[in-house]
Amino acid sequence: MMFPSTAKHDDAFTSRLTASQQKAVFHRDGPLLVIAGPGSGKTRVITFRIAALIDSGVPPQNICAITFTNKAADEMRQRAFAFSASAGAHISTFHSLCVRILRRYSEFAGITPNFSIYDDSDQSKCVKQAITDCNLNTTDFSPARTLDAISTLKNKLIDAGAFENQADDFFSKTLSKIYSRYQQILKDLNAVDFDDLLMKAAFLLENNPDVRSELGHRYKYLLIDEYQDTNHAQYRIAKALASAHNNICATGDPDQSIYRWRGADIRNILDFERDWPNAVVVRLEENFRSAPCILEVADRLIANNQSRKEKRLIATRPPAGKVVIEPYEDEVEEAFGVADNIRRLVDEGTSLSNIAIFYRVNAQSRAIEEAFIRSKIPYQIVRGVEFYNRKEIRDILAYLKVIVNPADKVALLRIINTPTRGIGKTTIDKVQDYASRRNISLYEAIRAVSQISNVPQSTAAKLTAFLNMVEGFRKNDSGLVAEMVERVFTDSGLEKSLIAEGADGKDAAANVEELISAAAVYDKQTETPALVDYLQQIALFSDADAYNASVERVALMTLHSAKGLEFDNVFIVGVEEGLLPHERSADNDDETEEERRLFFVGITRAKVNLFIAFAKYRQIRGQTLRTIPSQFLFELGLSFSESAERNDNGYLKSTIDNRQSTISNHQSSIINHKLSPRFHRGDIVVHKKFGIGTVKDFADMGDNSVVTVAFNTGQTKSLALKYAKLTKL
DNA sequence: GCGAGTTATGTTTTT
DNA sequence: CATAACTCGC
């Protein structure tokens with residue numbers, strides 16, 4: 001079979017497949033694992049594989065591909081469709097697939113199909129309630145930490161009942177009580193949290209052989225991208241789905257695992273061959289994305305991770321571009337430095353859409369934004385969920401949630417007096433009290449307000465008017481979301497109250513208009529649009545989904561959101577101790593290694609030029625603090641420390657006017673090639689900084705040789721030979 | 001019941 | 001520092 005070369009697609013997709021890629025693409029039945037470094041075409045292999053399966057006669061609806069983000073799913077869908085009639089193939093994230101399964105087989109999961117999906121703030125309200133219900137206070141049991149603990153349990157598929165059985169100490173027993181209560185609250189509200197989606201789907205599949213077999217036959221081929229970041233629940237779901245046929249194909253890179261904190265279990269990919277006997281393993285080691293100098297620093301950095309199988313990144317692109325480390329005085333200087341570099345790139349003819357800025361924490365975007373506004377550089381902040389977190393948007397969505405799922409008390413409490421309609425705390429308390437005594441939902445209690453003795457007639461009338469309004473919305477639901485949002489906006493009085501607010505309200509109203517437009521797009525693109533489906537879809541939106549590659553703007557995003565993307569020019573800012581690696585991972589080697597992988601992911605997004613920046617001082621929580629350059633900078637094998645020292649001595653002036661001199665000093669950190677000597681195990685060596693040590697290992701890679709030395713100080717370091725300044729004793 | 005003003009509190013990454 | 005939560009006077 002041949003893929004059309006005449007197609008009008010981007011080069012990456014029309015260029016030839018390598019022998020290894022072909023092996024993966026045309027593999028027919030049975031388990032397949034594609035272990036591949038960054039820029040090696042993993043996602044491309046999955047996309048082509050979908051096309052190849054269809055070409056060989058597999059009906060599209062028998063294919064299920066799982067991606068990491070909705071955005072990635074959209075792209076894969078489009079590309080697969082360009083090469084084959086793939087319409088009907090299921091391509092989505094794990095979470096979306098679970099929503100689909102839970103909606104279809106809801107009765108097996110103990111919920112109704114109109115369930116609400118709760119985000120952190122909704123979850124937080126429920127867990128606070130659970131803590132209070134257990135006669136505990138939220139100072140002893142912090143809601144955030146409790147939720148974290150519950151989330152970890154759910155990701156391991158330990159439900160409240162199972163945890164109760166294994167809880168043996170005081171803390172676990174208390175946590176177990178909160179966990180049970182929390183689940184009961186969610187059940188009463190017909191709501192699930194993100195982790196429930198996975199846990200409930202996993203249990204549903206495992207406990208119902210009929211459902212499992214039905215879905216196994218529906219999805220005869222299962223393909224999973226970014227497998228290194230799957231958690232235990234996702235692993236069990238995959239296992240259950242593929243158990244009927246073993247046609248599971250996973251692609252991933254252990255070096256790019258960056259979601260351990262969210263329950264991702266790297267063992268899933270490491271143990272794939274054990275879990276799936278006879279698995280065919282294909283390794284893709286060639287990198288088609290980045291210039292050799294970028295791969296060199298990436299390779300050297302990741303070599304510092306101890307718990308890692310060595311993997312090569314073989315450059316295929318011709319030498320080009322550069323890697324630069326730039327020291328700055330503070331975050332403002334850093335931001336203007338980035339802006340200056342961008343201006344220079346633009347002068348050279350670079351398109352703004354080929355430039356991205358990555359940072360560790362979202363708060364770092366502010367300084368960059370301010371500099372870009374002042375420098376008139378168009379940018380987009382890739383933060384998809386932010387829009388949906390705006391007060392006015394959450395208000396509208398709460399109305400929609402109540403319309404779809406009246407049991408959703410969190411949403412109901414949000415809108416019952418928004419905009420204000422004279423239903424205050426005392427009234428709500430009375431109705432809630434009645435509801436809990438009768439064991440009915442708050443919504444039902446409002447319906448029965450005339451029965452509640454201590455609610456005055458005038459207040460009861462207000463409640464009834466509110467109820468009638470919501471009922472009116474429910475009766476007039478055509479399924480078209482835009483229509484409903486518009487009706488809710490006007491009829492609820494939200495529009496009126498926003499207009500009354502003045503300028504701020506005007507902005508808010510404009511946001512609602514934007515929501516209406518987005519909903520109209522959904523209505524248009526969806527075969528059978530429905531409010532339930534819309535709400536469940538937008539609940540699963542991620543930051544990365546907001547990235548728009550087609551606009552002429554510089555992209556600003558976190559390192560986590562950068563996963564799966566690539567840009568000609570990449571800036572990584574704030575590479576300092578405490579930020580990258582983040583302080584929260586300081587005393588834990590595993591977490592430090594994950595931070596290193598995160599940096600690795602960022603670096604390997606760059607195709608041509610990579611700019612790494614750090615600041616000497618940084619404002620953190622209002623205080624200006626002296627920083628220390630990240631340990632990772634030393635591991636890149638660039639002679640940046642020299643320029644940093646010079647920086648320390650005040651050699652580099654920190655005003656924008658002097659940026660020219662700053663840049664020329666950076667020349668010293670641009671990689672240049674020279675021959676390096678060879679070392680052997682046992683050689684005694686001297687290092688300028690670490691002193692005397694013994695060579696433990698020598699990876700002979702010519703120019704890129706890496707030598708591992710156990711220094712007498714007790715630390716063992718892997719050093720890039722050509723920069724390490726090692727001398728044999 | 002409402003909203004302005006004050007006080008506490010919490011700070012990573014995200015499906 | 002920034003926002004959420006809370007208090008208190010109207």
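An open sheet of 6 strands, paired in the parallel sense, has the order 3-2-6-7-1-8. Its edge strands are strand 3 and strand 8 (280–284), each of which pairs on one side only. Neighbouring strands of this sheet are turned by 15° against each other on average, direction ignored; such angles, from 0 to 180 degrees, are taken between N-to-C directions of axes, which are lines fitted to C-alpha atoms. Helices (H or I, at least four residues) and strands (E, at least two) are DSSP runs numbered from the N terminus, and two strands pair if DSSP finds at least two bridges between them.

This is a predicted model, in which local features need pLDDT of at least 70 and side-chain atom pairs count only at pLDDT 80 or more, while totals for chains, interfaces and linings use all residues. Residues are numbered from 1 along each chain as its sequence is written, chains are lettered from A and ligands numbered from 1 in the order in which they are written, and side-chain values use heavy atoms, with hydrogens and water left out.

Consider next strand 2. Strand 2 pairs in the parallel sense with strand 6 (residues 221–224) over 4 bridges, and Cys64 stands opposite Leu222 there. Strand 2 also pairs in the parallel sense with strand 3 (residues 90–93) over 4 bridges, where the bridge partner of Cys64 is His90. Further along the sheet, 3 bridges join strand 6 to the parallel strand 7 (residues 248–252), with Ala250 as the bridge partner of Ile224.

In a regular strand the side chains alternate between the two faces of the sheet. In strand 2, Ile63, Ala65 and Thr67 lie on one side and Cys64 and Ile66 on the other, and all are buried, that is, under 20% relative accessible area with a 1.4 Å probe, protein chains only. Because 5 of the 5 residues of strand 2 (residues 63–67) are buried, this strand is largely enclosed by the rest of the structure.

The protein also meets DNA strand B. There, 26 residues surround the DNA strand, and the closest are Arg360, Thr426, Thr427, Ser542 and Arg621; a residue is near a strand if one of its heavy atoms lies within 4 Å of it. Helix 22 (residues 425–438) gives the most to this surface, with 3 residues. Of the DNA atoms within 4 Å of the protein, 54% belong to sugar or phosphate and the rest to bases. An N or O atom in the side chain of Arg360 is 2.2 Å from a base oxygen of DNA strand B, and one in the side chain of Thr427 is 2.3 Å from a phosphate oxygen.

Note on methods. Buried < 20%, exposed > 50% of the residue type's maximum accessible area, 1.4 Å probe, protein only. Polar contact = N/O pair within 3.5 Å; in protein donor to acceptor, adjacent residues only side chain to side chain.
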